[in-house]
Amino acid sequence: LYVVGTPIGNLSDISFRAIEILKKVSLIFCEDTRQTKKLLQKYQFKNHLISFNKNNFFKKIPTIINDLQNKKSIALVSDAGMPSISDPGEELIKEIRKIGLKVICIPGPSAVLTAIVSSGFPSSNFIFEGFLPKKKKEREEILSEISQNKKTTILFESPYRIKNLLYDLKEYCGGAREIFICRELTKKFEENVGSCIDDIIDIFENRVIQGEFTILIKGIPKKMTNDYPEAEIKYELQELVKAGLSLSSASKYLAKKKNISKRFVYNLY
């Protein structure tokens, strides 16, 4: 099995090696045959394309394993970037490794690395979360972790849910938290914007949004946690509530005063 990285937007970003592999394998399993066909048309070759995506991967894995055992060579590609990153290719590779068949990765473009290099954020260490869960409890747990991460956090989001994500990030991380937004990476209308969450919300608030997003949330500086120990914040919060402020108002006041998340302050009570 050849796991082949494909362009994340600009079709010219594919490697010579990737093209040679795609030409020579017996079959290509791809997320969407229509998208992969565009790549083959650009480089003027044909091959047999079969869909392999989140809707059918469970049924297709035995077929792929059988083909490999019958000495066929297979390439696995996603619509964009590296297969298995937020993609069911991960399950296929795991099963193939279990039975001792050979997997070779042909590296290619990555939205994660492209975005973090473009951002100027600390890049030696970072946390990749992909698409956040839709279930409320799971989503809140990860957002809470992001609010306290000292490393850069990287997310993916669709144009249909980006505004909701920005509102969630504001609630958990505070409007002053620095983020970097990449839209349509490597494509004609690529857009990269770095600012605080409040500013980014203002930019996208009234726009009709198109294109996939990669979002980077800068980690909390270590000095922030040293400047404002939790015990100190908790004490101030309790005193404000005793003085007659509602918990919500007291949390909002301290969050603004110390430039931290209201949710973080609220949860200390």
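Let's start with a pair: Lys-218 and Glu-178 form a salt bridge, with their closest N and O atoms 3.5 Å apart. A salt bridge here means a side-chain nitrogen of Lys or Arg within 4 Å of a carboxyl oxygen of Asp or Glu. This pair ties together distant parts of the chain, 40 residues apart. Lys-218 sits in the loop between strand E10 (213–217) and helix H9 (222–227). Glu-178 belongs to strand E8 (residues 178–183). Helices (H or I, at least four residues) and strands (E, at least two) are DSSP runs, numbered from the N terminus.

A word on the source. This is a predicted model, where local features need pLDDT of at least 70, side-chain atom pairs count only at pLDDT 80 or more, and totals for chains, interfaces and linings use all residues. Residues are numbered from 1 along each chain as its sequence is written, and side-chain values use heavy atoms, leaving out hydrogens and water.

Back to charges. The whole structure has 16 salt bridges. Arg-263 and Glu-171 make one of them, at 2.2 Å from N to O. Arg-263 is in helix H12 (residues 262–267), Glu-171 in helix H7 (residues 162–173), and 92 residues separate them. Arg-161 pairs with Glu-157 at 3.3 Å. Glu-157 is buried, at 2% relative accessible area. Arg-161 is partly exposed, at 33%. The cut-offs: buried is under 20% relative accessible area, exposed is over 50%, and partly exposed is in between (1.4 Å probe, protein chains only).

Now Asp-87, in the loop between E4 and H4. What does a buried Asp-87 do without a salt bridge? The nearest side chain of opposite charge, Lys-54, is 9.8 Å away. For charge, Lys and Arg count as positive, Asp and Glu as negative; His and the chain ends are not counted. The Asp-87 side chain does reach the backbone nitrogen of Ser-84, at 3.1 Å. One of its polar atoms also lies 2.8 Å from the backbone nitrogen of Gly-89.

Last stop, helix H3. Its 13 residues (57–69) should span 18 Å at 1.5 Å a residue, and the end C-alpha atoms are 18 Å apart, which agrees. That expected span is 1.5 Å times one less than the number of residues. Lys-60, Ile-61, Ile-64, Ile-65, Asp-67 and Leu-68 are buried in H3. Down the axis, the buried residues fall within an arc of 160 degrees, so they line one face. The arc uses directions from the helix axis to the C-beta atoms. Just after H3, Lys-71 has a positive phi of about 70 degrees.

How values were computed. A polar contact is a pair of N or O atoms within 3.5 Å; within protein, one must be able to donate a hydrogen and the other to accept it, and residues adjacent in sequence count only if both atoms are side-chain atoms.
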